[in-house]
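Subject: Structure for you to look at

Hello,

Here is the structure I promised to pass on. Please open it first and keep it beside you while you read the rest of this message.

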Amino acid sequence: MKARITITLKPGVLDPQGKAIEGALHALGFGSAGNVRQGKYIEVEVAEKDPARARAEVDRMCKELLANTIIENYAYELEAA
Amino acid sequence: MKASVIVFPGSNCDRDAAVALEAATGRPPAMVWHGDTELPKSDLIVLPGGFSYGDYLRSGAMAAHSPVMREVIKRAKAGTPVLGICNGFQVLTEARLLPGVLMRNASLKFICKDVHLRVERTDTSFTGRYRKGNVVTFAIAHKDGSYFADDETLARLEGEGRVAFRYCDPQGQVSAEANPNGSRNNIAGIYNEARTVLGLMPHPERLADPALSGTDGAKMFTGLVESLAA
């Protein structure tokens, strides 16, 4: 199965990169842009057909390496590869 | 004192650390490759600065899971002193030997300069040669050095006296102006609970010889020798 993983900073964690992007958007005239937060997107193919087992595997990948859960949240979608 | 320096792909301060250690101990440390699973008997383990694994994913994240780190974590938990400098500090937090995270500098810039630090305590193996409240000069060279921990963790660190060094001005005043990277509470370095593991962003080894225009860093290594050689 294929996992599409999104990693985002937890609310309240300072994101200077997001702030810089927001500033650049404003400079381009996008006055509507606000509260920009930068995250990561990771795709992983998991050699596992059973969705429950694949989910358990991806959860462990996220907790042990892909996300630093002190400052980041993760979410993912699974689909047949 | 027998020291080991762990070398990751992308480490670039491993030799500087080795030179400073040899000057203090009189013998060269063991240089241990990250892929090794065996670590020589060591009185001190040093995780050097650099850009292990190109800082991919997060600074220190890959290195924290490299084969030799399993042994380093085991030794650290058994009480062997571990010193993590710059990228080594990032590795220690990713390995969960120290709490918190080093995040992108508030300025988003790579900062390379000498900074003033206030020594917060001197009853540890690392700081025996300093005086409490001393202002010392170490060099910083990092882009991901902004120390972050949640309020609860921060309160615990402060309550337990686990802040090792704080960024300060030349007079020792801890202020926002003296904070180069946005670290919470101006934290430049912290200890584990037992004060046997120290992680710090500034580089003591870069100002550890008169030829490098400063020697404040050398006292960390001579202090370690004095407390660990017995």
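Below is what was found in it, chain by chain.

Please keep in mind that this is a predicted model.

Chain A

Chain A has two helices and three strands. Read from the N terminus, its elements follow the order β-α-β-α-β. Along the principal axes, the C-alpha atoms of chain A fill a box of roughly 50 × 25 × 15 Å. The radius of gyration of chain A is 16 Å, whereas a compact globule of 81 residues would have one near 12 Å. Buried residues make up 15% of the 81 residues in this chain. If you take the contacts in chain A between residues at least 6 apart in sequence, 67% of them join residues at least 24 apart.

Helix 2 of chain A

Helix 2 of chain A covers residues 51-66, which is 16 residues. Its end C-alpha atoms are only 20 Å apart, and that falls short of the 22 Å that a straight helix would reach at 1.5 Å a residue.

Which residues of helix 2 of chain A are buried? They are A:Ala54, A:Val58, A:Cys62 and A:Leu66. These residues lie on the same side of helix 2 of chain A, because they cover an arc of only 75 degrees around the axis. An α-helix has 3.6 residues a turn, so residues three or four places apart point the same way. On the other side of helix 2 of chain A, the exposed residues are A:Ala52, A:Arg53, A:Ala56, A:Arg60, A:Lys63 and A:Glu64. The cover over the buried residues of this helix includes strand 1 (2-9), strand 2 (40-45) and strand 3 of chain A.

One residue of strand 3

A:Asn73 sits in strand 3 of chain A, which runs over residues 72-79. Is A:Asn73 buried or partly exposed? A:Asn73 counts as partly exposed, because it has 15 C-beta neighbours inside 10 Å, and being buried would take 20 or more. Leaving out residues up to four places away in sequence, A:Asn73 touches A:Thr8 and A:Lys10. A:Lys19 is 54 residues from A:Asn73 along the chain, and the C-alpha atoms of the two are separated by 19 Å.

Chain B

Chain B has five helices and eleven strands. Its radius of gyration is 16 Å, close to the 17 Å that the globule rule gives for 230 residues, so chain B is as compact as a globular protein of that length. The C-alpha trace of chain B spans about 45 × 35 × 35 Å along its principal axes. Of its 230 residues, 55% count as buried. Among contacts in chain B with a separation of 6 or more, residues 24 or more positions apart account for 74%.

The nonpolar cores

The largest nonpolar core has 73 residues. Those with the most contacts inside this core are B:Ile6, B:Val46, B:Leu117 and B:Phe221. A second, separate core has nine residues, including A:Ile7, A:Ala67, A:Tyr74 and A:Tyr76.

Where the chains meet

How many residues does each chain give to the contact? Chain A gives eight residues and chain B gives ten. On the side of chain B that touches chain A, six residues are nonpolar, two are polar and two are charged.

Regards

How values were computed
Residues are numbered from 1 along each chain as its sequence is written. Chains are lettered from A and ligands numbered from 1 in the order in which they are written. This is a predicted model: local features need pLDDT of at least 70, side-chain atom pairs count only at pLDDT 80 or more; totals for chains, interfaces and linings use all residues. Two residues are in contact if their C-beta atoms, placed from the backbone, lie within 7 Å. Ala, Val, Leu, Ile, Met, Phe, Trp, Tyr, Cys and Pro count as nonpolar, Asp, Glu, Lys and Arg as charged, and the others, Gly among them, as polar. Helices (H or I, at least four residues) and strands (E, at least two) are DSSP runs, numbered from the N terminus. A residue is buried if 20 or more other C-beta atoms lie within 10 Å of its own, exposed if 12 or fewer, and partly exposed in between; C-beta atoms are placed from the backbone. The radius of gyration is taken over C-alpha atoms; the globule rule is 2.2 Å times the number of residues to the power 0.38. A nonpolar core is a set of buried Ala, Val, Leu, Ile, Met, Phe, Trp, Tyr and Cys residues joined through C-beta atoms within 7 Å. The expected span of a helix is 1.5 Å times one less than its number of residues. The arc is that of the directions from the helix axis to the C-beta atoms.
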